[in-house]
Amino acid sequence: MIEQLEQVRVDALQEISRADSLKLVEELRVKFLGRKGVLTGLLRSVSQASPEERPVLGKAANELKLQLTASLDQKFDDLQAIEKSRTARNDFFDVTLPGRRPRLGHLHVISQVAEEIVAIFAELGFQVATGPEIETEYYNFDALNTPPDHPARDLHDTFFVRPGVVLRTHTSPVQMRVMEKMQPPVAVVAPGRVYRVDADATHSPMFFQIEGLLVDEGVGFADLKGTLMHFIHRLFGKDVQMRFRPHFFPFTEPSAELDILWTSDKGGGGSQTKWMEILGCGMVHPEVFKHAGYDPERYTGFAFGLGVDRIAMVRHRISSITYLYESDMRFLEQF
Ligand code: PHE
């Protein structure tokens, strides 16, 4: 019997030391000390032992009971402590950690530059006007003194929607739409998309223009030059180099183009510098005024059409217009 008790002690202590959960500890308590437990059974059989053995066995069994109880209690406390510290670690909430910022988008570089340009003209008192991108041939060409046999009407340059209807090839039709609604003095800028059958490093089939129109009594070419030079200086700084070049447009007379000296970054760290045409301009043609119902004897005015993409390229040293429309985040995120 003493040997049996000894075996129980070895088994029980080993199982207790291996227990790794509070539930298991309680199961062991039942297994060894419960009413139908191993040790309880042995204690009961002490009564059947001989009178000499009884006290010795009883004492040994009681000692074992105390030892196992203490051992189970100790294990229970240890496991409980571990569990507590574990949940405490999981529940820990550091209120001083910075929050996760949601990713925010921003305006496309074209929109940024367009807004900047419009703001400069708004300072000068120009209002903002808009017109449709799907335009009639009348507004896109005829009203702008561009006859049916003009090369600009060629299928190679113009996207036709159906006979008589085109994707506007410039923002100039907005000139006419504005003049039909307003009497001079008129000073408007009209930003928007335009379309041409054209694609290379500096041309895209869809691009952005900002039209400008100013009409009043006594407006001269000096006003045109002064306004555009002021604009260029505001946008690029006073050190920028620019030149007006005589040109031809059916709807302005005289006409000019304005170039800016443009340095673009090339791959491999090099750069190239050349003149970049960024706008067309001129004095509004008397024929255009006649279509608008303005008296060409009384009113004069100037108009211009800015290439927003070109200006963005000069502004940010972008080497190809295609970058602007590829939606490559690595490019766009730089602005
Ligand atoms: N509409 C012309 C173009 O797209 C630019 C322009 C606008 C020229 C106004 C003169 C006056 O090329």
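How far apart do the C-alpha centres of domain 1 and domain 2 lie?

View 1. The chain is divided into domain 1 (2-91) and domain 2 (109-332), with bounds that come from an automatic or database domain assignment. Their C-alpha centres lie 94 Å apart. Please keep in mind that this is a predicted model, where local features need pLDDT of at least 70 and side-chain atom pairs count only at pLDDT 80 or more, while totals for chains, interfaces and linings use all residues. Residues are numbered from 1 along each chain as its sequence is written, and side-chain values use heavy atoms, leaving out hydrogens and water.

View 2. Gln-80 sits in helix H4 (residues 53-91); helices (H or I, at least four residues) and strands (E, at least two) are DSSP runs, numbered from the N terminus. Gln-80 is partly exposed, with a relative accessible area of 34% (buried means under 20%, exposed over 50%, partly exposed in between, using a 1.4 Å probe and protein chains only). Along the chain, Gln-80 and Ile-278 are 198 residues apart, and their C-alpha atoms are separated by 77 Å.

**View 3. A negative surface patch.** Here you meet Asp-154, Asp-157, Asp-198 and Asp-200, which form the patch. Patch residues have over 30% relative accessible area and no salt bridge, like charges being joined within 9 Å; a salt bridge is a side-chain nitrogen of Lys or Arg within 4 Å of a carboxyl oxygen of Asp or Glu. Asp-154 belongs to the loop between helix H6 (137-140) and strand E3 (160-162) and is partly exposed, at 35% relative accessible area.

**View 4. Two cis peptide bonds.** The bond from Pro-184 to Pro-185 is cis, with omega near 0°, and Pro-185 is placed in the loop between helix H7 (173-181) and strand E5 (186-195). From Glu-253 to Pro-254 the bond is also cis, with omega near -5°; Pro-254 has its place in strand E8 (residues 252-265).

View 5. Most residues other than glycine have a negative phi. Asn-145, although not a glycine, has a positive phi of about 60°. You can find Asn-145 in the loop between H6 and E3, partly exposed at 25% relative accessible area. Ser-327, not a glycine either, has a positive phi of about 55°. Look for Ser-327 in the loop between helix H10 (308-316) and helix H11 (329-332); Ser-327 counts as exposed because its relative accessibility is 57%.

Methods. Patches are made of residues with over 30% relative accessible area and no salt bridge: like charges are joined within 9 Å, nonpolar side chains (Val, Leu, Ile, Met, Phe, Trp, Tyr) within 5 Å. Accessible areas come from the Shrake-Rupley method with a 1.4 Å probe; for residues, only the protein chains shown count as cover. Lys and Arg count as positive and Asp and Glu as negative; His and the chain ends are not counted. The place of a charge is taken as NZ of Lys, CZ of Arg, CG of Asp or CD of Glu.
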